[in-house]
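Student: Hey, I've just opened this one and I'm new to it. Can you walk me through it?

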Amino acid sequence: MNNFTFFSPTEFVFGRDTELQTGKLIRKHAARRVLIVYGGGSAVRSGLLGRIETSLDAAGVFHISMGGIQANPVDGPVYKGIEIARRNEIDLVLAVGGGSVIDTSKAIAAGVPYEGDFWDFYIGKAKVTKALRVAVVLTIPAAGSEGSGNSVITKESTRQKMSLRAPEQLRPVFAVMNPVLTFTLPAWQTAAGITDMMAHIFERYFTNTPAVTVADRMCEGVLQAIIEEAPKVITCPNGYDARANIMWCGMVAHNGTCGVGCEEDWATHFMEHEISAHYGVTHGAGLAVMFPAWLTWMANHHVERVALWAHRVWGVAEQSDLRAQALEGIARFKAFLQQIGMPTDFKSLGVPNPDIPLLVDSLHRNKGEYVGAYVRLTRKDSEEIYRLAL
């Protein structure tokens, strides 16, 4: 196990009607002026935004709202939010939504006190040293951004989709998690979120770090919980218990708990970022295409952990032929993805003829000569994995 520092100060307030506590939580964390960031009209139509605003009013908290955040969030609203926050002397950004809204809120929070361009943080030109506080009312369990210090934003002019990690500055101070708010999510969005949270665990599980038994067993246990609960939320979307378990799985998958002491990989996420940046696909659906391809390539190049995953997570019997064991696990994983309605190749993703050289060039321009850690992928390797997804 590697040395590590694990910093996770987020207060999680979980259960029915917990969004009604938002105003009190804001005051508890000594904020007075709040920018509410939200996505489309569902937060308005459902009455959620109104309930939150009423809660803030009752607590005497000034608030101003900015909506319209899209999936695969882009830089334009970040610049707009920074300007609004500065003009109104905002001291906390409240994200009401899923990963895209939360990631945008974190980018705004980092950008407000910074004199330069917030994009500097995403391209490694500058480090976040201070930021406004961020809080969350979660409506889409998927990205796990409610418990992490991570953010992903796309720069529209260059189609660069880049990630930022600043756990000490950008982990939300609190996250309100009411599973009832997820009952109306479409099956597609639910399934894409489930795939995303599984992928977050995979990025930590496929590691070369030895002696990480605790992390291994946590990853395996959360994955098995997702596999058990996922079909339930697809077939019975109003089932509170299954929705609650899936919601909590999404947070645990990405707040760092499952990866303490491990060297993480993240190559598959970076490869998918290129697909969603250039073709606008749903992130979780893109991961459903790329992870089976990455795993298949690994079955031929670094099979041991893939075979272990196949046995412990998917129940494949142990055998002397580790590649065959791994491939059977991959087949069961693909069958699960198809069962919940996810695509597993470019064609079913809606991208029948992807420009693979473009994806490879963009990937390595953004991430360098080598990508990932489980195997450090060259341009040739990443091209082969993209082609396995055809």
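This is a predicted model: local features need pLDDT of at least 70, side-chain atom pairs count only at pLDDT 80 or more; totals for chains, interfaces and linings use all residues.

Student: Okay, cores. Which residues touch the most other members in the largest nonpolar core?

Tutor: Ile108, Met198, Trp294, Trp309 and Tyr386 do, in a core of 107 residues.

Student: And where does the largest share of this core come from?

Tutor: From helix α12, residues 283-301, which supplies twelve residues.

Student: Let's zoom in on one. What does Trp309 touch, leaving out residues up to four places away in sequence?

Tutor: Among its contacts are the aromatic residues Phe202, Tyr205, Phe206, Trp314 and Phe333. Trp309 also touches Leu223, Leu295, Gly329 and Ile330.

Student: Where does Arg159 sit?

Tutor: Arg159 is in the loop that runs between strands β6 (150-155) and β7 (160-165). Its relative accessible area is 30%, so Arg159 counts as partly exposed.

Student: Is Ala211 buried or exposed?

Tutor: Exposed, because its relative accessibility is 60% and the cut-off for exposed is over 50%.

Student: How far apart are Glu229 and Lys232 along helix α9?

Tutor: They are three residues apart, so about one helical turn separates them.

Student: Is Glu229 buried or exposed?

Tutor: Glu229 is buried, at 10% relative accessible area.

Student: Which residue does Glu328 pair with?

Tutor: Arg332, with the closest N and O atoms 2.9 Å apart. Both residues belong to helix α14 (residues 322-339), and they're four residues apart, about one turn of the helix.

Student: How accessible are Glu328 and Arg332?

Tutor: Glu328 has a relative accessible area of 33%, and Arg332 has 32%. Glu328 is partly exposed, and Arg332 is partly exposed too.

Student: What about the salt bridge of Glu384 and Lys380, what's the N to O distance?

Tutor: It's 2.6 Å, between the two side chains. Glu384 and Lys380 are in helix α17 (residues 379-388), four residues apart, so they're separated by about one helical turn.

Student: Is Lys380 buried or exposed?

Tutor: Lys380 is exposed, with a relative accessible area of 56%. Glu384 is partly exposed, at 28% relative accessibility.

Student: Last one: which residues are linked in a network of salt bridges?

Tutor: Arg165, Arg204 and Glu264 are linked that way.

Technical notes: Residues are numbered from 1 along each chain as its sequence is written. Side-chain values use heavy atoms; hydrogens and water are left out. A nonpolar core is a set of buried Ala, Val, Leu, Ile, Met, Phe, Trp, Tyr and Cys residues joined through side-chain atoms within 4.5 Å. Buried means under 20% relative accessible area, exposed over 50%, partly exposed in between (1.4 Å probe, protein chains only). Helices (H or I, at least four residues) and strands (E, at least two) are DSSP runs, numbered from the N terminus. Contact means heavy atoms within 4.5 Å. A salt bridge is a side-chain nitrogen of Lys or Arg within 4 Å of a carboxyl oxygen of Asp or Glu.
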